[in-house]
Amino acid sequence: MSATLRSFDVAAIREDFPILKRQVHGKPLVFLDSAASAQKPRAVIDAMCHVMEAQYANVHRGLHYMSEKTSDAFEAVRDKVAEFINAASRDEIVFTRNATESINLVAYTWGRAVLRPGDAVAVSQMEHHANLVPWQMLRDAHGTELRIIKITDAGEIDFDSLEQVFADGKVKLLAVTQMSNVLGSYTPVERLAKFAHERGAKILVDGCQAIVHRHVDVQAIGADFYAFSGHKLYGPTGIGVLYGKRELLEAMPPFMGGGEMIGHVTYEKSTWAKPPFRFEAGTPAIIETIGLGAAIDYVRGIGFEAIAAHEHELTEHALATLGNIEGVNIIGHAQDRGGVISFTMRHAHPHDIATLLDRQGIAVRAGHHCAEPLMGRMGVTGTARASFGMYTTPEEIDALAKGLLRIKQVFA
Amino acid sequence: MSDLYQALIVERHKHPRHAGRPAQFDAEGEGANPICGDKVHVYLRRPGMDVHYEAEGCAILSASADLMADAVAGKTAEQVAQLSRDFETLLATGQENPALGGLNALAGLAAYSSRIRCATLPWSALAEALHHV
């Protein structure tokens, strides 16, 4: 093992995640499904319990101690998120339920207010349903066009296809993932943002997978919108983020109506609050937001340099180990890729693989991974998928390989 | 590891006895699970409840279809309906039932609610075929 891996104390990190001590079917839990949702460190669990036990009331409303304290803790997370992704202002951070809601928010508000019928939205072939279906819905309701950018067999954006999709100047939004949840490919988002901007289009980046593994700087990327979920970033479910450039958010109508998002209300009509509150109708996910703040602190405490180095070694080890098993076919082999590995196995259906691995205490995902059209593109009906987090060890990848060899024997 | 994928399940998945579309049949039915993309097409020859099928999916699906064809051979439509109910009880409780014969190999699915649909899909397809007879 290299010096990088030694300096990164994965054993100490695992101690921070209580669930990793659990057994499943009498075997130690080998959790290789972090791309679906990551496990939570003690710091996140404690922060959320602390709010409920010591410092809880509704935010932005009460003129009492508990409400003030809770509002302060809640709003401090907005600053934290802004700093985490290097937004120019805290007002560019909108709290949502998850990345799916963030993207839907943009489709419903910016999409309807700014896009005209006949304008086009372009997405890639490797988008999660969350960055495809909202644009189909916008197309059907609003008369915009939806265009699909091809990917190569390796699982990378096909720049010839990108040029073609943009050729007639109708594309006004490029909505693209920063990391495929199926193929593990990173996309060159800085280059894509430049490409879109040079052609008068905006770019929305689905950062759900990437933000867990890499330092994200929305200004360096040039992102107009950036969406991610808390629960993949070792935080709780129910809290997500939409970053939007200030001038874009300011020009957008509200998403949902209710408390918190208003300026002034009469029986006849209402005016809207300024961003980000305009997009945060109703009582927010207070406890979860504070949990997200703790998750960001935790991840920054470990540091992306160390996380990325650890996960790079894991990925290389996994690609080599799984690639050596006769009959295992890894789907996608982008140059720039991370710890999400989809594969099929001769004679074994992905669901059989997942169930048989589960019997050995190993959790993987199987199916189409909310990217059904991508399955057809890659010529499969589904895959099994192993995905890694900062707490994953090389030994767990070896356990996966051993498990696959046993499955191979079952179906041999 | 073998408690769910008993030898009989793997054996029938690998060497099915009733797979393939017969040259002649009296009715057909299809079962599909959009969540996982599994599909099964059942062909029925009467009289005698002679069942063949084409399955596209996991080992549980194909083994269940093959064992179903064994279990229903020579039965009446009423007896098939009863077997289907007994099979669902088996999957819900994990309690083996002598009337189900080889289908008891699927009892372990009771612990895997997400996989039960794989085993019941051929039965929905057969019910559809019987409806068309």
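## Chain B: what it is built from

Helices here are DSSP runs of at least four residues, and strands are runs of at least two. Counted that way in this predicted model, chain B comes to four helices and three strands. Walk along its sequence and the pattern reads α-β-β-β-α-α-α.

As for overall dimensions, the C-alpha trace of chain B spans about 40 × 30 × 25 Å along its principal axes. Buried residues make up 38% of chain B. Take the contacts with a separation of 6 or more, and 60% of them join residues 24 or more positions apart.

## One side of helix H1 in chain B

Helix H1 of chain B runs over residues 7-14, and its buried residues are B:Ile9, B:Arg12 and B:His13. These cover an arc of only 105° around the axis, so they end up on the same side of H1(B).

## Where chain B meets chain A

On to the interface. Eleven residues of chain B are in contact with 14 residues of chain A. Sorted by class, the chain B side has eight nonpolar, two polar and one charged residues.

## Two domains in chain A

Chain A is divided in two: domain 1 takes in 3-31 plus 303-411, while domain 2 covers 46-300. Their C-alpha centres lie 28 Å apart. Domain 1 puts 24 residues into the contact and domain 2 puts in 20.

On the domain 1 side, helix H13 (304-323), strand E14 (340-345), helix H15 (372-377) and strand E17 (383-387) each supply at least two residues. The largest share, four residues, comes from H13(A). By class, this side of domain 1 has eleven nonpolar, eight polar and five charged residues.

## A closer look at A:Arg406

A:Arg406 sits in helix H16 of chain A, residues 394-411. Is A:Arg406 buried, partly exposed or exposed? A residue needs 20 or more other C-beta atoms within 10 Å to be buried, and 12 or fewer to be exposed. A:Arg406 has 14, so it is partly exposed.

For a sense of distance, A:Arg406 and A:Glu260 are 146 residues apart in sequence and 56 Å apart in space, C-alpha to C-alpha.

Key
Residues numbered from 1 in each chain as written. Chains lettered and ligands numbered in written order. Predicted model: local features only at pLDDT ≥ 70, side-chain atom pairs only at ≥ 80, totals over all residues. Contact = placed C-beta atoms within 7 Å. Nonpolar A, V, L, I, M, F, W, Y, C, P; charged D, E, K, R; others polar. Domains from an automatic or database assignment. Arc of directions from axis to C-beta.
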